[in-house]
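Student: I have a structure open and would like to learn how to read it. Could you walk me through some features?

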Amino acid sequence: MLGRAYRGLLRAGAVAAALLLGVLALLVTGDVLARNLGLGTLPWIIEVSEYSLPLATFLVAPWLLHRNEHVRLDVL
């Protein structure tokens, strides 16, 4: 059995990934709205999203593996 601290660490990674993706969604939505309203753009949003997506993937992967909900391929 996994220890309580390890399960907490897995859950913390999943929560961090969810928060990261939520903030990223808000930032991208705000950037698109600002551009369409003629208020300009935030040029750093693209770089933040490029680094945030793989980071969120690496943060949530151990939690998904523990819950046996990760993507896997069965080969005959």
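Predicted model: local features only at pLDDT ≥ 70, side-chain atom pairs only at ≥ 80, totals over all residues.

Student: Is D31 buried or exposed, then?

Tutor: D31 has a relative accessibility of 7%, so D31 counts as buried.

Student: Which residue does the side chain of D31 meet in a salt bridge?

Tutor: A salt bridge pairs a side-chain nitrogen of Lys or Arg with a carboxyl oxygen of Asp or Glu, within 4 Å. Here the partner of D31 is R35, with 3.5 Å from N to O. R35 has 49% relative accessibility, so R35 counts as partly exposed.

Student: Now for helix α2. How many residues does α2 have, and how far does α2 reach?

Tutor: To judge a helix, compare its reach with the span expected at 1.5 Å a residue. Helix α2 covers residues 44-66, which makes 23 residues. From first C-alpha to last, α2 reaches 34 Å, close to the expected 33 Å.

Student: Where does α2 bend?

Tutor: Look at V60, where α2 bends by about 35 degrees. A proline, P62, follows within four residues. Beyond the helix, α2 is followed by N68, whose phi is positive, near 60 degrees.

Student: Which residues of α2 are buried?

Tutor: I45, S49, S52 and A56 are buried in α2. What covers the buried residues of this helix includes α1, residues 4-36. Take S52 as a worked case: its relative accessibility is 7%, so S52 counts as buried.

Student: What does S52 touch, leaving out residues up to four places away in sequence?

Tutor: With those set aside, S52 touches L20 and L24.

Student: And what about the surface? Which residues form a nonpolar patch there?

Tutor: Find L33, L37 and L39. Together these residues form a nonpolar patch on the surface with about 360 Å² of accessible area. L39 is in the loop between α1 and α2.

Student: Why does L39 count as exposed?

Tutor: Try the cut-off yourself: exposed means over 50%. L39 has a relative accessible area of 66%, so L39 is exposed.

Notes: Residues numbered from 1 in each chain as written. Heavy atoms only, no water. Helix = DSSP H or I, 4+ residues; strand = E, 2+ residues; numbered from the N terminus. Expected span 1.5 Å × (residues − 1). Bend = angle between axes of the 7 residues up to and from the residue. Buried < 20%, exposed > 50% of the residue type's maximum accessible area, 1.4 Å probe, protein only. Contact = heavy atoms within 4.5 Å. Patch = residues over 30% accessible without salt bridge, like charges linked within 9 Å, V, L, I, M, F, W, Y side chains within 5 Å. Areas by Shrake-Rupley, 256 points an atom, 1.4 Å probe, with all protein chains shown as cover.
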